[in-house]
Amino acid sequence: MEPTRTCIGCRERSENSSLVRVIVRDSVLEVDSSATAGGRGSWVHPTAQCVQVALTRKAFGRALRAPVTDTSALTAFLDQ
């Protein structure tokens with residue numbers, strides 16, 4: 001049985017394989033595609049809707065307990 005996490009955008013629980021782990025380094029959001037980076041991470045569905053809701057609610061900053069000023073890496077990942 002695969003672990004489940006909660007998407008910080010839509011707040012639905014899903015398996016790790018359907019979510020993307022996001023970390024913050026120097027106030028920049030980065031996608032942790034291997035899900036092995038150290039430190040605090042948050043999980044979000046790889047959809048524009050879930051990411052937009054999380055950004056609007058400022059959920060990344062709260063979940064990661066760090067200021068977030070640059071989200072370009074996350075939006076570039078979604079555009080792929």
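**View 1. The largest nonpolar core has 14 residues.** Ile 8, Val 22, Leu 29, Val 44, Phe 60 and Leu 74 are the members with the most contacts inside this core. At least two core residues come from each of β5, α1 and α2. A nonpolar core here is a set of buried Ala, Val, Leu, Ile, Met, Phe, Trp, Tyr and Cys residues joined through side-chain atoms within 4.5 Å; buried means under 20% relative accessible area, exposed over 50%, and partly exposed in between (1.4 Å probe, protein chains only). Helices (H or I, at least four residues) and strands (E, at least two) are DSSP runs, numbered from the N terminus. As background, nonpolar side chains tend to be buried together in soluble globular proteins.

Before you move on, a word about the model: it is predicted, so local features need pLDDT of at least 70 and side-chain atom pairs count only at pLDDT 80 or more, while totals for chains, interfaces and linings use all residues. Residues are numbered from 1 along each chain as its sequence is written, and side-chain values use heavy atoms, with hydrogens and water left out.

**View 2. Val 22 and its contacts.** Which residues does Val 22 touch, leaving aside its neighbours within four places in sequence? They are Leu 29, Glu 30, Gly 41, Ser 42, Val 44, Phe 60, Leu 64 and Leu 74, where contact means heavy atoms within 4.5 Å.

**View 3. An open sheet of 3 strands, in the order β4-β3-β5.** The pairing is antiparallel, and two strands pair if DSSP finds at least two bridges between them. β4 (28-32) and β5 are the edge strands, each pairing on one side only. From one strand to the next, the twist averages 40°. Helix α3 packs on this sheet and touches β3 and β4, its direction making about 40° with that of β4. Axes are lines fitted to C-alpha atoms, for helices over the stretch in contact, and angles run from 0 to 180 degrees between N-to-C directions.

**View 4. Strand β3 (residues 20-25) and its two partners.** On the β5 side, 3 bridges join the strands, and Val 20 stands opposite Val 44. On the β4 side there are 5 bridges, with Arg 25 opposite Val 28. The hairpin of β3 and β4 has 2 residues between the strands, and Asp 26 takes a positive phi near 55° there.

**View 5. The two sides of helix α1 (residues 48-56).** Cys 50, Val 51 and Ala 54 are the buried residues of α1. They lie on the same side of the helix because they cover an arc of only 95° around the axis, the arc being that of the directions from the helix axis to the C-beta atoms. Ala 48, Gln 49 and Thr 56 are exposed on the other side. Among what covers the buried residues are β5 (42-44), α2 (59-64) and α3 (72-79). Just after α1, look for Lys 58, which takes a positive phi of about 60°.

**View 6. Two loop residues, Cys 10 and Asn 16.** Cys 10 sits in the loop between β1 (4-6) and β2 (13-15) and is partly exposed, at a relative accessible area of 31%. Not counting residues up to four places away in sequence, Cys 10 touches His 45 and Cys 50. Asn 16, in the loop between β2 and β3, is buried, with a relative accessible area of 18%. Leaving aside neighbours within four places in sequence, the contacts of Asn 16 are Glu 2, Pro 3, Thr 4, Arg 5 and Trp 43.
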